[in-house]
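Have the structure open next to you as you read.

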4 protein chains.
Amino acid sequence: MAKLRTAVIGATGVVGQQFLVALSGHPWFALEGLVASSRSAGKPYREAVRDGSGALRWHVAEPPPPEFLDLPVVALDDFNPEQYDLIFSAVESDLAKEIEPRFGAIRPVVTTASAFRTFDDTPLIIPGVNNDHVQLVRRQQAVRGWKGFVVPQPNCTTTGLAITLKPLLDRFGIRLVLMTSLQALSGAGRSPGVIGLDILDNVIPYIPNEEEKVQRETQKILGVLTAEGIEPARFAVSCTCTRVNVLDGHTESVFVSLDRPATLDEVKAAFREYDAGFGSLRLPTAPPEYLVVHDDPFRPQPRLDRDTNGGMTTVVGRLRADPALDNGVKYVLVSHNTKMGAARGAVLTAEFLSCQGLLG
Amino acid sequence: MAKLRTAVIGATGVVGQQFLVALSGHPWFALEGLVASSRSAGKPYREAVRDGSGALRWHVAEPPPPEFLDLPVVALDDFNPEQYDLIFSAVESDLAKEIEPRFGAIRPVVTTASAFRTFDDTPLIIPGVNNDHVQLVRRQQAVRGWKGFVVPQPNCTTTGLAITLKPLLDRFGIRLVLMTSLQALSGAGRSPGVIGLDILDNVIPYIPNEEEKVQRETQKILGVLTAEGIEPARFAVSCTCTRVNVLDGHTESVFVSLDRPATLDEVKAAFREYDAGFGSLRLPTAPPEYLVVHDDPFRPQPRLDRDTNGGMTTVVGRLRADPALDNGVKYVLVSHNTKMGAARGAVLTAEFLSCQGLLG
Amino acid sequence: MAKLRTAVIGATGVVGQQFLVALSGHPWFALEGLVASSRSAGKPYREAVRDGSGALRWHVAEPPPPEFLDLPVVALDDFNPEQYDLIFSAVESDLAKEIEPRFGAIRPVVTTASAFRTFDDTPLIIPGVNNDHVQLVRRQQAVRGWKGFVVPQPNCTTTGLAITLKPLLDRFGIRLVLMTSLQALSGAGRSPGVIGLDILDNVIPYIPNEEEKVQRETQKILGVLTAEGIEPARFAVSCTCTRVNVLDGHTESVFVSLDRPATLDEVKAAFREYDAGFGSLRLPTAPPEYLVVHDDPFRPQPRLDRDTNGGMTTVVGRLRADPALDNGVKYVLVSHNTKMGAARGAVLTAEFLSCQGLLG
Amino acid sequence: MAKLRTAVIGATGVVGQQFLVALSGHPWFALEGLVASSRSAGKPYREAVRDGSGALRWHVAEPPPPEFLDLPVVALDDFNPEQYDLIFSAVESDLAKEIEPRFGAIRPVVTTASAFRTFDDTPLIIPGVNNDHVQLVRRQQAVRGWKGFVVPQPNCTTTGLAITLKPLLDRFGIRLVLMTSLQALSGAGRSPGVIGLDILDNVIPYIPNEEEKVQRETQKILGVLTAEGIEPARFAVSCTCTRVNVLDGHTESVFVSLDRPATLDEVKAAFREYDAGFGSLRLPTAPPEYLVVHDDPFRPQPRLDRDTNGGMTTVVGRLRADPALDNGVKYVLVSHNTKMGAARGAVLTAEFLSCQGLLG
């Protein structure tokens with residue numbers, strides 16, 4: 001079967017670089033279009049990620065994939081979506097608002113930008129969590145008269161939370177979720193992101209707009225698809241989001257009140273037996289385990305656990321009963337914010353959409 | 001009025017050093033007895049805090065107070081409590097179990113060790129929070145037939161939490177408290193404490209026994225003194241305690257369900273108008289403000305706020321309504337774990353006991 | 001004696017904030033003019049250092065001095081230097097090039113900007129190191145026909161190095177200096193300075209232009225004033241400047257080849273007996289010791305030693321003979337880059353200039 | 001060809017764990033003996049690296065190699081060296097002094113301990129740097145009447161320095177080397193190593209005995225093998241070794257005075273064209289490049305460069321002429337202290353010894 005011709009918009013930025021790594025050697029998607037601002041246009045990619053002095057400006061731990069280095073960078077203005085089967089968008093929200101509807105009208109767009117997340121006709125898909133929401137994509141196409149679509153990734157802090165809540169919701173029901181996050185620096189990007197003077201020997205207790213996103217997106221992801229769209233999950237979600245001096249990997253301290261009583265063994269079993277519902281799909285980027293649960297109380301730690309299964313597995317630990325809440329449990333999770341929480345997660349989503357016959 | 005003759009047991013350790021700093025220039029307490037293991041006995045203090053090579057081993061930010069440097073260190077075995085009016089104990093829990101009852105039988109002992117915290121006849125006093133619990137000291141003396149007593153400081157993570165809960169409890173009642181702490185390295189001490197390899201670029205999600213202490217001690221501090229002793233506060237307290245790469249200052253993310261509805265302005269007023277009940281006591285170590293509330297959402301930060309009023313003020317920020325809980329509010333606090341949460345807090349307690357006529 | 005009317009240009013920036021702290025309660029200089037961009041003009045200073053949301057944007061460890069908070073900020077365009085006796089400039093180099101000659105023509109300007117450092121008629125004065133260079137100020141006035149002058153502070157990495165080299169040069173002569181710096185984040189400022197993602201778990205081995213500055217300025221500071229100007233010191237200076245994850249305090253590893261043999265005791269005596277040549281000047285900002293020498297091999301450490309005497313003392317340790325060099329010695333120094341190395345150092349310079357009768 | 005039966009002594013410690021990772025899947029060496037203290041004896045390895053609570057105590061970034069998890073741990077007292085062809089020793093220096101001669105008398109021992117480094121009949125072999133020193137191994141066997149031998153790895157700070165000096169020595173000769181190291185935390189181990197309270201926001205300017213080791217070992221490694229043993233290189237080496245807050249990867253700032261003039265291009269060519277002299281040996285652990293030279297002045301950085309070629313390549317940058325020295329050059333290097341500088345380097349050495357016919 002021929003690979004899908006794939007483009008990344010915003011290919012020279014940090015998230016764009018993550019997409020290149022995530023797509024290197026991909027068995028289904030052939031990355032052929034690297035789109036960036038006109039400043040880089042026409043240059044081979046290897047030059048487009050160098051600064052004026054010729055130094056490489058590469059911000060991902062893995063090295064730049066050699067197979068993409070000679071591809072010429074296409075200016076956004078010259079980009080023709082019709083030449084591709086699949087478009088990944090890694091641009092900032094303002095630009096996303098402008099270009100994603102334009103490209104989505106013609107071709108499938110999977111994006112890490114937040115612009116579309118709140119639209120009624122747009123699902124927030126985490127494959128393995130809300131597979132059925134994919135049907136809303138067809139509705140988006142019908143309503144808007146589009147040949148393509150736009151599917152956004154959730155906020156990176158939401159992803160790990162929603163993944164751990166899903167098995168609890170399925171087996172026991174959820175009444176209430178209270179979460180405090182200890183988020184990594186990479187979530188803030190590099191323009192300028194968090195400066196060293198502010199975070200050394202410190203915690204920053206506020207990340208603008210983050211709490212609202214986590215609360216709203218968690219309810220949408222775990223909501224029910226109805227004829228009218230997605231009805232958000234009815235349980236309350238409340239959170240406080242902080243920044244700590246960690247490179248990658250968001251840590252979240254979660255308190256949950258369940259609808260029904262559950263022993264710790266039952267909760268642990270719910271996590272460990274969780275079935276992503278992939279059947280025989282064999283998605284190339286899906287991790288062998290969706291959730292790992294540690295019994296060692298000193299785990300999970302972001303540095304030790306963020307890269308589990310290439311950063312695609314959510315790692316849970318410190319599972320305890322919480323007598324302070326009705327049917328309460330509490331735990332700590334670590335989720336890789338720039339892998340499962342960003343570009344690699346978007347690639348997984350595209351793989352899932354492909355299996356659903358949505359990529360043409 | 002003559003100053004009280006004061007001794008510090010464990011004077012060469014980290015907490016002991018903090019006591020020296022807290023007692024330097026104290027208007028009521030004259031530190032005259034520096035007690036340590038027999039290894040240091042007889043040496044002047046300035047030598048006892050040097051290692052074999054002659055290098056100073058001083059672990060407090062402030063320099064060693066010059067007035068104590070020539071005091072000879074007394075071996076624990078040679079220590080005669082009768083020569084002092086007041087004893088501060090800065091020893092480890094195991095040793096505390098053995099010596100504190102012995103010395104407490106004769107003289108007032110205020111201690112940072114945990115050994116006595118759970119006893120029925122022992123209050124956990126935070127001056128300004130549970131002033132009336134001081135009456136239990138007389139009961140301890142009566143029951144045990146002691147001339148002195150033992151009053152322990154609460155766990156350092158508990159202190160900031162209890163201080164912020166007190167005005168909420170008084171004005172609105174409390175139903176439920178859920179807290180996630182981001183604790184500083186200094187709370188783990190130096191033997192060996194947290195090693196750099198474990199905490200750099202990391203969070204450690206577990207501090208042994210800490211959560212139980214915070215839950216139990218918070219309820220005791222905010223409990224009601226009855227004829228039978230202290231009846232613990234009835235609201236539930238649940239917490240997850242983590243370690244982050246910060247030197248000093250515990251950060252705590254708190255979710256509270258109140259008994260009665262309260263607007264944010266009312267809650268803020270409760271914090272800002274909080275009266276420590278000191279009247280005209282003029283305790284030398286008491287901060288001018290017990291609580292500071294920031295409107296800037298980026299505060300409190302441990303590096304910026306821990307030293308407010310010499311580390312004796314608890315700093316609150318990010319105050320928000322929490323619709324997920326009944327009458328819910330949430331906030332973040334920073335409290336200095338080695339100042340108000342340890343030696344300086346113990347000195348404040350002793351000052352308060354002195355005003356109550358308990359120091360002879 | 002009336003205090004000198006003093007202005008700070010760039011008063012709302014980080015270095016400007018440092019000047020306010022350095023001038024708070026100053027016995028000779030009355031800070032009356034706070035000059036900033038037109039955006040802040042007319043506002044009281046307390047508002048000019050708040051952002052759109054009303055939050056304080058204050059980047060110095062000490063709190064904002066209350067006595068300056070109600071002063072109105074003057075727009076640079078409206079600033080009349082004739083209303084002041086002394087001007088401190090804390091602006092960026094590009095702006096300094098334009099405005100400092102204009103103001104220096106009329107009034108004394110002491111600046112932390114680098115624009116004037118290389119001019120032949122401009123001394124780089126470190127009071128206590130090259131006091132006689134002050135004569136060049138009169139020459140600058142004569143040559144340029146100015147009533148005022150411009151005197152720049154050296155680069156912050158140069159200051160500590162020059163201070164430690166001076167006693168060696170005086171007593172033993174210097175042939176060669178090789179230095180590797182481990183510089184703090186605050187030296188890079190906040191626009192954006194060093195971002196957390198780049199420096200966590202890392203060292204950055206390059207600081208643009210820094211090595212050239214240190215080499216050139218050290219030779220100028222330790223040079224000889226002649227009829228033609230300053231003849232740079234003849235010894236070679238070579239350095240490698242790196243950035244480490246430290247908030248404040250530059251650490252420098254120095255290897256020196258002396259002209260004449262010296263025992264370690266003689267070198268140590270040279271440091272400890274160093275006479276800043278202030279006689280009875282009683283400069284308010286001068287530290288009681290210019291240099292502190294530690295015998296403890298684990299010192300100096302930036303966190304423990306940077307604040308010695310308010311950050312005005314250079315702290316030396318690890319003094320060893322270096323048999324690899326002719327008459328070799330090696331040592332490590334720590335110098336506070338934003339205190340002695342910036343605003344407080346500039347205030348000290350102004351105090352010295354005042355004693356020389358140069359401030360009118 | 002049959003693989004060599006291999007044992008690791010000290011297999012449960014940090015360095016032992018690194019050996020397991022380095023030997024996983026090794027094509028020549030079959031790790032069959034895991035030797036540790038009697039406390040672990042008889043347990044399968046998977047249990048021996050768990051603590052009392054059952055939690056894994058694994059301190060290497062790579063996961064424990066599954067193929068070794070079921071091997072039973074042998075008590076040191078029960079270890080029979082005759083059952084193995086090759087022994088790696090990862091024990092502390094004191095124990096090494098006692099057991100390494102005992103085992104070396106019977107079998108080849110390659111060790112990371114320092115006990116043997118200074119002996120006249122013992123080479124410090126870095127394959128690719130001083131291949132000819134291997135002949136001294138036969139002399140050691142002859143002199144001591146041993147069937148085996150002991151070959152120690154150099155100190156981890158020495159390794160990177162010696163590797164970069166070798167091509168300079170060969171092409172231009174060396175007169176003088178001055179080095180300042182910025183060493184990673186992992187070099188200090190975990191017992192307790194460097195505690196977080198000491199290194200956060202700090203630099204520690206002293207590492208006991210380190211400077212002497214680097215100076216002495218560099219001269220030995222780059223010395224000349226004569227009939228009497230190794231004549232140390234005659235150039236002087238002087239260094240100052242510091243600790244910075246970095247997990248892995250030692251950074252070294254090096255100043256070199258060459259015997260003969262060399263342009264920067266010639267020096268760069270010497271690094272880039274360096275031939276390790278392996279011919280067709282195809283050592284499994286040897287990196288494809290011994291040295292990588294960056295032109296980007298912001299490299300090398302320990303976090304970005306330490307893992308180049310699995311941590312086996314020394315990365316150089318900031319190459320500059322140094323006019324302060326005769327024929328001076330200066331540069332910065334990064335070398336992975338726990339890979340090339342420890343267990344993986346020892347495996348490389350054993351591979352080289354095997355090719356020389358020394359492993360029986």
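## Starting point: a strand pair in chain D

Let's start with one pair of residues: Ser89(D) sits opposite Thr111(D) in S5(D). That pair belongs to strand S4 (residues 86-89) of chain D and strand S5 (residues 108-111) of chain D, which pair in the parallel sense over 3 bridges. Pairing here takes at least two bridges found by DSSP between two strands. The elements themselves are DSSP runs counted from the N terminus, with helices (H or I) of at least four residues and strands (E) of at least two.

A word on the ground rules: this is a predicted model, where local features need pLDDT of at least 70 and side-chain atom pairs count only at pLDDT 80 or more, while totals for chains, interfaces and linings use all residues. Residues are numbered from 1 along each chain as its sequence is written, and chains are lettered from A and ligands numbered from 1 in the order in which they are written.

## The parallel sheet in chain D

Zoom out and you'll find an open sheet of 6 strands in chain D, with the order S3-S2-S1-S4-S5-S6 and parallel pairing. At its edges are strand S3 (73-75) and strand S6 (149-152) of chain D, each pairing on one side only. On average, neighbouring strands of this sheet are turned by 30 degrees against each other, direction ignored. (Axes are lines fitted to C-alpha atoms, for helices over the stretch in contact, and angles run from 0 to 180 degrees between N-to-C directions.)

Two helices are worth a look. Helix H1 (residues 14-23) of chain D lies across strand S1 (4-9), strand S2 (29-36) and S4 of chain D, at about 155 degrees to S1(D). Helix H3 (residues 93-104) of chain D lies across S4, S5 and S6 of chain D, at about 150 degrees to S5(D). "In contact" means that the C-beta atoms of two residues, placed from the backbone, lie within 7 Å.

## Strand S1 in chain A

Over in chain A, strand S1 (residues 4-9) runs parallel to strand S2 (residues 29-36), joined by 6 bridges. Thr6(A) stands opposite Leu31(A) in S2(A). To get from S1(A) to S2(A), the chain passes through helix H1 (residues 14-23) of chain A, in a right-handed β-α-β crossover. Right-handed means that, with the strands pointing away from the viewer, the path from the first strand over the helix to the second runs clockwise.

S1(A) also pairs with strand S4 (residues 86-89) of chain A, in the parallel sense over 4 bridges. There, Ile9(A) faces Ser89(A) in S4(A).

## Two domains in chain A

Chain A splits into domain 1 (4-153 + 343-355) and domain 2 (156-335), with bounds from an automatic or database domain assignment. Their C-alpha centres are 25 Å apart, and 27 residues of domain 1 of chain A are in contact with 24 residues of domain 2 of chain A.

On the domain 1 side, helix H4 (135-144) and helix H10 (343-355) of chain A each supply at least two residues. H10(A) gives the largest share, 7 residues. That side divides into 13 nonpolar, 8 polar and 6 charged residues. (Ala, Val, Leu, Ile, Met, Phe, Trp, Tyr, Cys and Pro count as nonpolar, Asp, Glu, Lys and Arg as charged, and the others, Gly among them, as polar.)

## The mixed sheet in chain A

Chain A also has an open sheet of 6 strands with mixed pairing, in the order S10-S7-S11-S14-S13-S12. S10 and strand S12 (291-293) of chain A each have a single partner strand, so one side of each has no neighbour in the sheet. Neighbouring strands are turned by 20 degrees against each other on average, direction ignored.

S12(A) and S13(A) run parallel, joined by 3 bridges, and Leu291(A) has Thr314(A) as its bridge partner in S13(A). Helix H5 (residues 156-172) of chain A lies across S7, S10, S11, S12, S13 and S14 of chain A, at about 25 degrees to S11(A).

## Where chains A and B meet

(The superposition is by least squares on the C-alpha atoms of residues with pLDDT of at least 70 in both.) The same surface serves both copies, as 100% of the contact residues of chain A recur in chain B.

In this contact, 35 residues of chain A touch 35 residues of chain B. S10(A) gives the largest share of chain A's side, 5 residues, and that side divides into 20 nonpolar, 10 polar and 5 charged residues.
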